[in-house]
Each structure stands twice: as C-alpha cells, then as structure tokens.
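Here is a friendly briefing for anyone meeting this structure for the first time.

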Amino acid sequence: MRCLIIGCGCRGRMLVRELAARGHAVRATTRDPEQLALIEAAGAEPVLADPDRVATLVAALEHVTVVCILLGSASGSVVELAALHGSRLEMLLTKMVDTTVRGVVYEAVGTADASVLGEGAERVLAFSERSPAGCALLEADPSDPERWLEAAAEAVDRAIAPR
C-alpha cells in the first residue's frame, strides 16, 4: 500500500518509519525545502507541496491508497488555520474523488483550535459518507509521541477497513 503523509514534521517522520517498517511505500510532503532530506532519510519519497496551495498536492496523490492529513498542530493565524482545515481541506478532499485514494486519516487533535479541528473532522466524515473512501480520525494526544504513533498506525488500518 502507498501512503501519503501531508504535513510531515517530526511526528510525520515517526509515522513514515513505522509504515515503512510494515512494508508500505510512503510519500510525504513538506513546504520547507530544507526538510526534504530528513523525510527521505526517514524512508519516504519527499514531495515539496503546500497544503495551503492544494494544486501542489494533486500530483502526490498518484497511486496513493491512504492519505494522512497531519495538520493538527499546524501554525498560522486563526484565519489561516480556519482556511487550512476548512475550504482548503474541502478542496483537497474533492480532488481525491477520482483517484486511487481509498482512505483518509485526519489528525483531529493538536495545538490548533479544537473547534477548527472539529470542523475539519466533520468535513472528512462527510467526505467518507459520499465517496468510496473510508476515514479514520486520529484523536491521540500528540504530546505523548509513543501513544500518538500507535494510534496513527492503527488509524491507517482503520481508514481502509471494509465498511
């Protein structure tokens, strides 16, 4: 299975290593060119893309089975985060409709405002209801990296489980 991790910071790279150890091919995005080498060293195909610019993510969806949207601790203004987990997320989900994506993992807990993450989670759940793709909400506290990693790996499996 090929997984795409959108927002591959420290926790994302932990998940890359875990998924690669399980035999999955992993592709991971960053908007920072200096992070590309770290992503590759963790075992993923690095992609320079910005979730605020959904068009930069579209090519990365090619041949992907599960998309992990790990933006629960993204930084930015209230307005920027509302757009990232609102209209930008909706646009990304729309772009996934005619792809090989069969599951979406959405990080619904983090340092971003809980109401913004809650609205993002609702968008992902609604997408899953109207498409063949399953979904899983990642609700583990990111301040506990071991538990977060275990929950993230489980969420990948849940996202593609038969409904």
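The largest cavity holds about 60 Å³ of space. A cavity is a set of points, on a 1 Å grid over the protein atoms alone, where a 1.4 Å probe fits but cannot get out; grid points are joined across faces, edges and corners, and a volume is the space filled by probe spheres set on the points. This is a predicted model, in which local features need pLDDT of at least 70 and side-chain atom pairs count only at pLDDT 80 or more, while totals for chains, interfaces and linings use all residues. Residues are numbered from 1 along each chain as its sequence is written, and side-chain values use heavy atoms, with hydrogens and water left out.

**The cavity**
- By this rule there is one cavity of 30 Å³ or more.
- Its lining residues (those with an atom within 4 Å of a point) include Pro 51, Val 54, Ile 69, His 85 and Tyr 106.
- Helix H5 (residues 87-96) gives the largest share of this lining, three residues; helices (H or I, at least four residues) and strands (E, at least two) are DSSP runs, numbered from the N terminus.
- The lining of the largest cavity divides into nine nonpolar residues, one polar and one charged. Here Ala, Val, Leu, Ile, Met, Phe, Trp, Tyr, Cys and Pro count as nonpolar, Asp, Glu, Lys and Arg as charged, and the others, Gly among them, as polar.

- The largest pocket has about 360 Å³ of space, a pocket being an open set with protein on both sides within 12 Å along at least five of seven lines.
- Of the 20 residues lining the largest pocket, Gly 7, Cys 8, Gly 9, Leu 70 and Leu 71 are the closest to its centre.
- H1 supplies the largest share of the lining of the largest pocket, three residues.
- By class, the lining of the largest pocket has eight nonpolar, nine polar and three charged residues.

**Helix packing**
- H5 and helix H6 (residues 114-130) pack at an angle of about 20°, with their axes 10 Å apart; axes are lines fitted to C-alpha atoms, for helices over the stretch in contact, and angles run from 0 to 180 degrees between N-to-C directions.
- H5 is therefore roughly parallel to H6, as angles under 35 degrees count as roughly parallel.
- Their contact (heavy atoms within 4.5 Å) involves residues including Leu 89 and Leu 93 of H5 and Val 124 and Phe 127 of H6.
- Helix H1 (residues 10-21) and helix H7 (residues 145-159) pack at about 55°, with their axes 10 Å apart.

Conventions. Parallel < 35°, antiparallel > 145°, perpendicular 65-115°, else oblique.
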